[in-house]
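Please keep the sequence and the model at hand while reading.

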Protein chains: 2
Amino acid sequence: MKSDRKYRMTRQRQVILEEVKSGCHPTADQIYERVRKRLPQISMGTVYRNLDTLASLGFIRKMQPDHPQMRFDFNTKEHYHTTCMNCNRVDDMHIEPMDDTLENLGKALGKLTKFGIFGHRLEFIGLCPECSEQEKEFSLKGKNQIVKKGGVKLWN
Amino acid sequence: MKSDRKYRMTRQRQVILEEVKSGCHPTADQIYERVRKRLPQISMGTVYRNLDTLASLGFIRKMQPDHPQMRFDFNTKEHYHTTCMNCNRVDDMHIEPMDDTLENLGKALGKLTKFGIFGHRLEFIGLCPECSEQEKEFSLKGKNQIVKKGGVKLWN
DNA sequence: ATTGTTGCAAATATTTTGCATCAAT
DNA sequence: ATTGATGCAAAATATTTGCAACAAT
């Protein structure tokens, strides 16, 4: 993405943005269905492209890392992970689970909302040693965005 | 899954388990590639089926919820989520981010491992009010497994 | 004119499933 | 014999992309 690109707020982009807002953490196809009621001609490609664009411009956020693949963990005990936003590598965090802090937080939440907590997941996002070493051209841009060699990359 | 089912530890299942262990949070296709070097006849279907089975038996863990779809969030500020392991609904946690606690933990980790932290993601897994109300037949089985009407369901 | 965006369709990527066969109890 | 697992191929699901046409600067 060139940095002097002039984005336009088209009707489609506007409606997609509104539907992300009014839905509750919707998936792309949920957004597509909602948008289609207002703009029957819209295509799935437009929805995906706009969700990407809106996320990279910071209007919305993707809730998972971009690589859409399940990962598997041999360690079944409660523990936390680090994810490299450049190479997608996942490592264990060698830090004790904050069960007390987080479970208590969970219980407090459960009492407030009647949401029953069975566990939690904590993940730190950043750059693994190899990637921060190899690539010197990372820099922070705003909050939650990192620029890499002229392109913008979101961590979520 | 019937509860009196007799699982067998086949050669394929054994090798898949070993390769999950020796890899670093591998994806299904990474496991497939590794296993294929030892069992050239193996098929992708066998790998996926065994990863499911091994996870439901508690030998390994899936690292994300089962639904393989990206979700989008209109709220770009740091905040946490609850995920219902029954209906997959995602809601905001109306609790202040623990930036101090977690960012400090992150910095400590960064110093230890040279992993550069840019942010974190915290998610509570459980049952939303509707699902815990509707379904009385949930019960905890071991750690991280929940039984629902005769079936076993993992939360990750 | 040039650049950005769209709709459509085709392609890619990921995961699941039906089924005949094989293996273990 | 019966149940469980495999390999293969097809299907299902999720996402991305090429391209001609259209729209805004």
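How many residues does the contact take from chain B and from chain A? The contact takes 73 residues from chain B and 73 from chain A, where contact means heavy atoms within 4.5 Å. This is a predicted model, in which local features need pLDDT of at least 70 and side-chain atom pairs count only at pLDDT 80 or more, while totals for chains, interfaces and linings use all residues. Residues are numbered from 1 along each chain as its sequence is written, chains are lettered from A and ligands numbered from 1 in the order in which they are written, and side-chain values use heavy atoms, with hydrogens and water left out.

Between them, chain B and chain A bury about 6,700 Å², of which 65% is on carbon and sulfur atoms; buried area is the accessible area (1.4 Å probe) that two parts lose on being put together, summed over both. On the side of chain B, the residues that lose the most area to chain A are B:Phe72, B:Phe118 and B:Arg121, which together make up 15% of what that side buries.

The rule finds two salt bridges between chain B and chain A, a salt bridge being a side-chain nitrogen of Lys or Arg within 4 Å of a carboxyl oxygen of Asp or Glu. B:Glu123 forms a salt bridge with A:Arg121, and their closest N and O atoms are 2.6 Å apart. Strand β5 (residues 116–127) of chain B gives the most to the side of chain B that touches chain A, with twelve residues. Helices (H or I, at least four residues) and strands (E, at least two) are DSSP runs, numbered from the N terminus. The residues on that side of chain B divide into 35 nonpolar, 22 polar and 16 charged; Ala, Val, Leu, Ile, Met, Phe, Trp, Tyr, Cys and Pro count as nonpolar, Asp, Glu, Lys and Arg as charged, and the others, Gly among them, as polar.

The next topic is DNA strand C. It is surrounded by 21 residues, the closest being A:Arg5, A:Arg8, A:Arg13, A:Thr46 and B:Tyr48; a residue is near a strand if one of its heavy atoms lies within 4 Å of it. Of the atoms of DNA strand C within 4 Å of the protein, 70% belong to sugar or phosphate and the rest to bases. At least two residues of the surface near DNA strand C come from each of α1 (11–22) and α3 of chain A and α3 of chain B.

DNA strand D is surrounded by 20 residues, and the closest are A:Tyr48, B:Arg5, B:Thr10, B:Arg13 and B:Met70. Sugar and phosphate account for 71% of the atoms of DNA strand D that come within 4 Å of the protein. The side chain of A:Tyr48 has an N or O atom 2.5 Å from a phosphate oxygen of DNA strand D, and that of B:Asn50 has one 3.1 Å from a phosphate oxygen. For B:Arg8, a side-chain N or O atom is 2.9 Å from a base oxygen of DNA strand D.

How values were computed. Polar contact = N/O pair within 3.5 Å; in protein donor to acceptor, adjacent residues only side chain to side chain.
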